[in-house]
Amino acid sequence: MYWKKRVMKYAAVLLAIVIGIHIVHGLSLDRIIQYKEVSFYSERLPAHMDGYRIAFITDTHDISGDRLVAVVDRLNTLDIDLLLLGGDYQSLRRLRDREDMSPKFRTIGILSMVETADGIFGVVGNHDIDTMLRDAMEPYDNMTLLWDEGVHIREGFFLGGVDYLRFRRPSIASAIEGAQPDDFVILLSHHPDISMRQDTTGVDLILSGHTHGGQITFFGLWAPAMYSISQYGQRFRSGWAASADGVPVYVSNGVGGYLPRIFARPQVILMTLYRY
């Protein structure tokens, strides 16, 4: 009986320590934006694009203007070739309030100040209204919303973007139909689950957000919320995964999101493409 009480005491102490670590992490490091360097290697990448730099920002949500300006200033020191935006630029309640358009326009306006060689392209998220988002981007010559469509960014490099998965009828086939067989193709999709439900043949890399890294995780390894965020459990929580066809999928935690974040730091992804 004594040893059982002793075990329970140690277990309670251990649990308190684990909870304390998570609380401290959530109040400190998880509030600091991570600029995460990621490398992607492909023999299909055109030789002239070796070392190509892509910044990927998603799920800005209600990030403050000052914080987002700091992100833009940081990116403008990094010689970015292309900025990709993964959706959820503001909260749904703000987008639906037509008398409060300024937050949405301010977010898009700030992001438009990122200096790139090849422009800024984005897709719709579940907290976005597609037509309003396109109207918000229209005044900026360097910004394009991809709505089940794609575009050649450079010779041999095609970018496609799909609509949001759950509320609408996105089509990967429509997004990449303009690509040539020898093109290196990136697909931008807010929700990563689409990679399990539609044919990804012809795509070389998929970039997604939506999951917030699981939002609240156990040491960054497991997130209970993922079972309501994705039909595929922990598969697309954060970082590298693969589509049903084996195409690499990279999922960002997003730069904004709702508090608290615990072992799911906000991120700006800095991806460098290499030919091998």
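These legends accompany close-up views of a predicted model.

**View 1. Phe-40 and Phe-184 form a tilted ring pair.** Let's start with the aromatic side chains: a search of the whole structure turns up 10 aromatic pairs. In the pair shown here, the ring centres of Phe-40 and Phe-184 are 6.3 Å apart and the planes meet at 50 degrees, so the pair counts as tilted. Phe-40 belongs to strand 1 (residues 34-42) and Phe-184 to strand 8 (residues 184-188), so this contact ties together parts that are 144 residues apart in sequence. Phe-40 is buried at 9% relative accessibility, and Phe-184 is buried with a relative accessible area of 0%.

**View 2. Tyr-52 and Phe-157 meet edge-to-face.** Here the ring centres lie 5.6 Å apart with the planes at 75 degrees, so the pair of Tyr-52 and Phe-157 is edge-to-face. Tyr-52 sits in strand 2 (residues 52-57) and Phe-157 in strand 7 (residues 157-161), so the pair ties together parts that are 105 residues apart in sequence. Both Tyr-52 and Phe-157 are buried.

**View 3. Strand 2 is covered on both faces.** In a regular strand, side chains alternate between the two faces of the sheet. On one side of strand 2 you can follow Tyr-52, Ile-54 and Phe-56, and on the other Arg-53, Ala-55 and Ile-57, all of them buried. With 6 of the 6 residues buried, strand 2 is largely enclosed by the rest of the structure.

**View 4. Strand 2 pairs with strand 12 and with strand 3.** Strand 2 and strand 12 (residues 267-275) run antiparallel and are joined by 5 bridges; look for Arg-53 opposite Thr-272 of strand 12. With strand 3 (residues 82-85), strand 2 pairs in the parallel sense over 4 bridges, and Ile-54 has Leu-82 as its bridge partner there. Between strand 2 and strand 3 the chain passes through helix 2 (residues 65-75), making a right-handed β-α-β crossover.

**View 5. Arg-74 sits over the ring of Tyr-35.** The charged end of Arg-74 is 4.0 Å from the centre of the Tyr-35 ring.

View 6. Which residues of helix 5 (residues 130-137) are buried? They are Asp-130, Met-132, Leu-133, Ala-136 and Met-137. As a handy reminder, an α-helix has 3.6 residues a turn, so residues three or four places apart point the same way.

Notes:
Residues numbered from 1 in each chain as written. Predicted model: local features only at pLDDT ≥ 70, side-chain atom pairs only at ≥ 80, totals over all residues. Heavy atoms only, no water. Phe/Tyr/Trp six-rings, centres within 6.5 Å; stacked < 30°, edge-to-face > 60°. Helix = DSSP H or I, 4+ residues; strand = E, 2+ residues; numbered from the N terminus. Buried < 20%, exposed > 50% of the residue type's maximum accessible area, 1.4 Å probe, protein only. Lys NZ or Arg CZ within 6 Å of the ring centre and 35° of its normal. Pairing = 2+ DSSP bridges. Right-handed = clockwise from strand over helix to strand, strands pointing away.
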